[in-house]
Amino acid sequence: MAGHVKRVDQCIQDLASNCDIATAGDLFSIELSALLDEMQEDYEAWDKHTPDRFIFDMLVRRAETAVVDHWETILMIIASNIDHDKDFELRMDMLSLTEHFLMQTSLHSTIVFYGEIILKMILLPSLAWRVGKPNVSIRKGSIVCLIKMIEQALVDPEKLYGCNKQLVTVLKCCLDDDFASDIRFAAVVVCRHLLTYLTEQYEKDDYDLIYPELLKRLDDAQDAIRLETCKVFEIFFDHLPNPWSSSLYEYTIKTIFVHLDDPSETIQQAVITVLEKAARVQTQEFIVQSADFARKSARPALCKSLTDYAQNLKS
């Protein structure tokens, strides 16, 4: 198969050369530019069997300069065909095309400029919970794209923060998905990226919004998710305003201390690291809670070491 693809690519390159066109990518760009005007007339009616949608996918992936030149039109076509009413196959292919864009470094400056549009028109609608197994795959594809956008800084922090409440709302559904542990894990990863990427933008209310969802994941059935949640809490307490809130801090610390008695040593160590980070905030209150939990814990020595750690922070 690879040999056939190579011969086809060479044939297209020869065709471009015979037409005095520098590269095959330029040839695809010319074809894409010519066909987009026709596609704009009926792309809203595409379904999984529509031939034009396969042509669109192939040309956009292979074209070079025309993708940037017609970026708004391309985004409009993708957004329309990722709608919940569209066929599953069509929606998945549009998400796959979006992921392809995110991996092209030559497009990154363009993506940054249109990052908010990609979020609001393509990714956030696809993250919303819908009944049915196909929608699980849609949400997986969308959350993978979201992670790649943030990891590669392809959206301006201020624009991402402008979508924060809407994003956290849809993430809650992903975090609570009992039947898809990979979606729960990916959603926790997104939370970690948000807390890191939006450090300058996050305020007290934003931490108030996210902490209950993280506490739930400490009780997850999958240890990998619990460990990832601990990593998120490390960042959470690194950047949490000090003081935060007497009632919220007490509730959060008490809940985390419970996991110090987990039978898994790996979980215990992860929780200890989180609690050491938490000791930075409202240190005196931490000391009180640590000493109180030591009286009922199966591992009082761990509690004492944490109390001593916090005492040293004060001195």
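Biologist: Which residues are buried in α17?

Modeller: This is a predicted model, in which local features need pLDDT of at least 70 and side-chain atom pairs count only at pLDDT 80 or more, while totals for chains, interfaces and linings use all residues. Residues are numbered from 1 along each chain as its sequence is written, and side-chain values use heavy atoms, with hydrogens and water left out. Helices are DSSP runs of H or I with at least four residues, numbered from the N terminus (strands are runs of E with at least two), and buried means under 20% relative accessible area, exposed over 50% and partly exposed in between, with a 1.4 Å probe and protein chains only. By that criterion the buried residues of α17 are T283, E285, F286, I287, Q289, S290 and F293.

Biologist: Which helices are included in what covers the buried residues of α17?

Modeller: Contact means heavy atoms within 4.5 Å. On that basis, the cover over the buried residues of α17 includes α15 (246-258), α16 (265-278) and α18 (300-314).

Biologist: How far apart are the end C-alpha atoms of α17?

Modeller: The expected span is 1.5 Å times one less than the number of residues. Helix α17 (residues 283-294) has twelve residues and should therefore span 16 Å; this agrees with the separation of its end C-alpha atoms, 16 Å.

Biologist: Against which helices do the buried residues of α15 pack?

Modeller: With 13 residues, α15 should span 18 Å, which agrees with its end C-alpha atoms being 19 Å apart. Its buried residues are L248, Y249, T252, I253, T255, I256 and F257. These buried residues of α15 pack against α13 (204-217), α14, α16, α17 and α18.

Biologist: Where does Q282 lie, and is Q282 buried or exposed?

Modeller: The phi of Q282 is near 45 degrees, a positive value in a residue other than glycine. Q282 lies in the loop between α16 and α17. Because its relative accessible area is 12%, Q282 is classed as buried.

Biologist: What is the phi of A153?

Modeller: A153 is in the loop between α9 and α10 (157-162), and its relative accessibility of 38% is why A153 counts as partly exposed. Most residues other than glycine have a negative phi, and most peptide bonds are trans. A153 has a positive phi, near 55 degrees.

Biologist: Which residues does a cis peptide bond join?

Modeller: One of the two residues, P243, is placed in the loop between α14 (223-239) and α15. With omega at about 5 degrees, the cis bond joins N242 and P243.

Biologist: How are α5 and α8 oriented to each other, and what is the handedness of the crossing?

Modeller: Axes are lines fitted to C-alpha atoms, for helices over the stretch in contact, with angles from 0 to 180 degrees between N-to-C directions; those of α5 (residues 71-80) and α8 (residues 115-127) come within 9 Å and cross at roughly 25 degrees. The contact involves W71, L75, I78 and A79 of α5 with I117, I118, M121 and I122 of α8. Angles under 35 degrees count as roughly parallel, over 145 as roughly antiparallel, 65 to 115 as roughly perpendicular and the rest as oblique, so α5 and α8 are roughly parallel. A crossing is left-handed if the near helix is turned anticlockwise from the far one by less than a right angle, and right-handed if clockwise; that of α5 and α8 is right-handed.

Biologist: What is the handedness of the crossing of α9 and α12?

Modeller: The axes of α9 (residues 133-151) and α12 (residues 181-197) come within 10 Å and cross at roughly 25 degrees, so the two helices are roughly parallel to each other. Residues of α9 including V136, I143 and I147 meet residues of α12 including I183, V190 and L194. The crossing of α9 and α12 is left-handed.

Biologist: At what angle do α3 and α6 pack?

Modeller: Among the residues that meet are F56 and V60 in α3 and L90, M94 and L97 in α6. The axes of α3 (residues 51-62) and α6 (residues 88-102) are 11 Å apart, and the angle is about 10 degrees.

Biologist: Which side chain is joined to that of N164 by a polar contact?

Modeller: N164 is found in α11 (residues 164-175), and its relative accessibility of 2% is why N164 counts as buried. Not counting residues up to four places away in sequence, N164 touches L194, L198, Y202 and D206. A polar contact is a pair of N or O atoms within 3.5 Å; within protein, one must be able to donate a hydrogen and the other to accept it, and residues adjacent in sequence count only if both atoms are side-chain atoms. At 2.7 Å, the polar contact joins the side chain of N164 to that of Y202.
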